[in-house]
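Subject: Structure for you to look at

Hello,

Here is the structure I said I would pass on. Please open it, then read my notes on its cavities below.

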Amino acid sequence: MTRYIIRRLLLAIPVMLLVAVTTFLLLHMTPGDPVSVLLGPDATVEQIEEMREALGLNDPVHIQLLNWFRDLARGDLGESIFLGKPVTEAIAERAQPTLLLTLLASLVAICVGLPFGVISAVRRGSTIDVGAMLAAMVGISMPTFWLGLNLIFIFGVKLRWLPVQGYQPLSEGLWTSLRYLIMPALTLGAAQGALLARMTRSMMLEVLHEDYVRTARAKGVSERRVILHHALRNAFIPLVTVIGLTFAVLISGAVVTEQVFGIPGAGQLLIRAVNRRDFPLIQGIVLIVALLYVIINLIVDLIYVFLDPRIHYS
């Protein structure tokens with residue numbers, strides 16, 4: 001197992017290099033100059049050239065890329081052009097809201113998707129099944145920002161149960177922080193919960209027709225134990241992949257939700273960085289998100305072993 005983990009981590013290196021090079025080249029091919037945005041429309045040509053020279057933006061692209069990799073090898077993601085601070089520091093300051101939001105949205109997706117998927121499969125063709133799958137279809141099709149705006153109108157403006165926008169850190173108290181994250185988590189987790197419900201139903205329907213499930217029923221095993229112990233346990237292996245990818249997708253999907261609810265997270269930071277053409281900051285955020293994808297995929301593969309002892313990695 002240790003050798004497998006080491007090999008997977010080594011295989012992640014070319015993946016990360018590809019992501020880094022692609023991101024760097026795409027950003028430098030995009031129209032727009034961060035120095036012009038930084039200095040404003042009143043800046044003279046001399047001021048712009050002086051600033052570009054100081055930031056190394058006048059160097060050929062391959063020289064800039066090599067310089068970035070040299071810093072990256074030392075664990076330095078560079079310095080934000082607009083914030084004037086290290087990229088790692090800027091991202092770390094915004095990491096807590098995004099991680100909390102992603103965790104809560106994942107809980108929403110799992111707590112909604114798994115039970116409804118199982119119930120729909122067990123009650124196939126019933127009113128519950130049709131209603132749940134219809135709701136899942138609506139959840140998948142509904143734009144995130146539209147759902148967020150409706151939740152704000154109902155629970156924030158009309159009922160005044162929850163704050164409309166903003167964020168309070170955990171240091172202000174668990175409930176205080178949660179009140180600001182409930183609506184964003186529902187908004188972000190709805191589509192993934194709907195997708196998970198449909199996947200769970202599909203996997204359960206496939207497993208419920210297996211011979212070992214019929215054998216268990218023939219032996220007189222209770223229906224509850226058949227569903228939870230025999231069917232769901234075996235259907236859960238492919239679902240782990242979906243849940244793992246759900247968490248990764250929610251991290252990148254938090255960009256729109258943070259913007260709608262005014263949450264000062266990494267997603268909002270990324271939007272501002274793109275608007276300002278802050279190349280080092282964009283590259284740093286994209287690289288960290290890609291690294292999280294790699295780590296989550298590795299964790300999912302390792303969970304397979306614990307769910308099914310027949311799986312061995314050599």
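The second largest cavity is lined by Gly139, Met142, Pro143, Thr144, Leu147, Thr187, Ala190 and Ala191. A cavity here is a set of points on a 1 Å grid over the protein atoms alone where a 1.4 Å probe fits but cannot get out, and a lining residue has an atom within 4 Å of a point.

This is a predicted model: local features need pLDDT of at least 70, side-chain atom pairs count only at pLDDT 80 or more, and totals for chains, interfaces and linings use all residues. Residues are numbered from 1 along each chain as its sequence is written, and side-chain values use heavy atoms, without hydrogens and water.

Helix H7 (144-158) and H8 each supply at least two residues of that lining, and H8 gives the most, with three. Helices are DSSP runs of H or I with at least four residues, numbered from the N terminus. By class, the lining has five nonpolar, three polar and no charged residues. Ala, Val, Leu, Ile, Met, Phe, Trp, Tyr, Cys and Pro count as nonpolar, Asp, Glu, Lys and Arg as charged, and the others, Gly among them, as polar.

The space in the second largest cavity is about 40 Å³, where a volume is the space filled by probe spheres set on grid points joined across faces, edges and corners.

Which helix gives the most to the lining of the largest cavity? Helix H8 (residues 174-208) does, with six residues. Lining residues of the largest cavity include Arg179, Tyr180 and Phe261.

Regards

Key: On a 1 Å grid over the protein atoms alone, a cavity is a set of points where a 1.4 Å probe fits but cannot get out, and a pocket is an open set with protein on both sides within 12 Å along at least five of seven lines; lining residues have an atom within 4 Å of a point.
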